[in-house]
Amino acid sequence: MSPPQSPNSSRDQVRPLAPSHRIHIENEEGVNYTSTSSIQLSKKQRRRRRCIKCCGCCGITTIIIGIVILILALTVFKVKDPTIRMNSIRFEGLSSLTSSSNLQTNMNITVSADMSIKNPNAVSFKFKPATASLIYSDRIIAEAMLPRGSARARRTFSMNVKVMVMVEKLIVIPRLTSDLIAGELPVSMSTNINGKVNLGVIKKSVDIRMNCNMVVDLQRQDVKDIDCERKVSL
């Protein structure tokens with residue numbers, strides 16, 4: 001027969017291998033408290049992860065918005081040069097200049113110019129009142145005021161310019177006699193238009209200049225050799 005086991009040996013067998021991580025504290029009133037350090041630590045970690053995710057999403061969204069704005073600024077919202085064109089020009093009343101010995105000083109010459117402005121931008125091009133000047137022998141012999149206007153987005157704005165030339169202003173120019181004998185008058189028309197292209201937060205001032213040199217054929221009473229130079233400043 002095996003010897004009887006002592007009470008101490010049975011108590012040793014049921015003893016746990018390691019103490020529990022929970023700590024029970026009993027106060028004077030008999031209420032037990034369990035340590036919550038591990039639970040609080042887990043909440044802090046979850047809160048920190050949420051903050052990191054939120055900051056990451058905000059940063060990625062900001063970068064995407066910046067890229068989209070940059071692409072739009074370089075493509076759709078990039079200010080492009082409006083172009084001006086002289087479509088046609090004609091002189092009426094040239095019969096008063098057919099002979100240097102028979103100038104009719106009480107007559108006027110009407111110059112009609114058909115011009116157009118093409119706006120390639122995504123918004124309107126609005127311009128201020130402009131001036132068209134007719135120049136002969138480096139002198140301004142007539143001017144016309146162009147009203148303010150607006151060229152719609154990706155549209156062409158047409159305008160007709162009329163300039164009245166008084167013959168009495170021409171007879172004081174020394175070279176007029178030789179030009180009448182040759183039957184040709186070299187003249188030019190200069191147009192300067194100032195406006196703005198408004199792209200929301202982006203506002204660009206645009207200055208359009210066009211100078212057209214031409215020769216007025218007095219015998220045919222027509223215009224030839226039209227050569228226009230254009231310049232756009234942003």
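Which residue forms a salt bridge with Asp 207, and how far apart are the closest N and O atoms? Asp 207 forms this salt bridge with Arg 209, with 3.4 Å between the closest N and O atoms. A salt bridge is here a side-chain nitrogen of Lys or Arg within 4 Å of a carboxyl oxygen of Asp or Glu.

The model is predicted: local features need pLDDT of at least 70, side-chain atom pairs count only at pLDDT 80 or more, and totals for chains, interfaces and linings use all residues. Residues are numbered from 1 along each chain as its sequence is written, and side-chain values use heavy atoms, with hydrogens and water left out.

**Salt bridges**

By the salt-bridge rule the count comes to four. Among them are the two in this table.

| Asp 179 | Arg 175 | 2.8 Å |

Strands (E, at least two residues) and helices (H or I, at least four residues) are DSSP runs, numbered from the N terminus.

Exposure is given as relative accessible area: buried means under 20%, exposed over 50%, and partly exposed in between (1.4 Å probe, protein chains only). Glu 184 counts as partly exposed because its relative accessibility is 32%, and Lys 224 is partly exposed at 27%. In the other tabulated pair, Asp 179 is buried at 7% relative accessibility, whereas Arg 175 is partly exposed at 35%.

Asp 207 belongs to strand S11 (residues 202-217). In general, side chains of opposite charge can pair when their charged atoms come close.

**Surface patches**

Patches are made of residues with over 30% relative accessible area and no salt bridge; like charges are joined within 9 Å, and nonpolar side chains (Val, Leu, Ile, Met, Phe, Trp, Tyr) within 5 Å.

Arg 49 is exposed, as its relative accessible area is 55%.

Helix H2 also holds Ile 60, which is exposed with a relative accessible area of 53%. Ile 60, Ile 64 and Val 68 make up a nonpolar surface patch, and their accessible area together is about 270 Å². Accessible areas come from the Shrake-Rupley method with a 1.4 Å probe; for residues, only the protein chains shown count as cover.

**Loop residues**

Asn 121 is in the loop between strand S4 (108-119) and strand S5 (125-127). This residue is buried, at 2% relative accessible area. Its side chain is joined to that of Asn 119 by a polar contact of 3.0 Å.

Ser 137 occupies the loop between strand S6 (130-136) and strand S7 (139-146). Although Ser 137 is not a glycine, its phi is positive, at about 55 degrees. Ser 137 is partly exposed, with 26% relative accessible area.

Arg 154 is placed in the loop between strand S8 (149-151) and strand S9 (155-166). Its phi is near 55 degrees, a positive value in a residue other than glycine. Arg 154 is exposed, with a relative accessible area of 52%. The C-alpha atoms of Arg 154 and Phe 125 are 9.6 Å apart, and the two residues are 29 residues apart along the chain.

Key: Polar contact = N/O pair within 3.5 Å; in protein donor to acceptor, adjacent residues only side chain to side chain.
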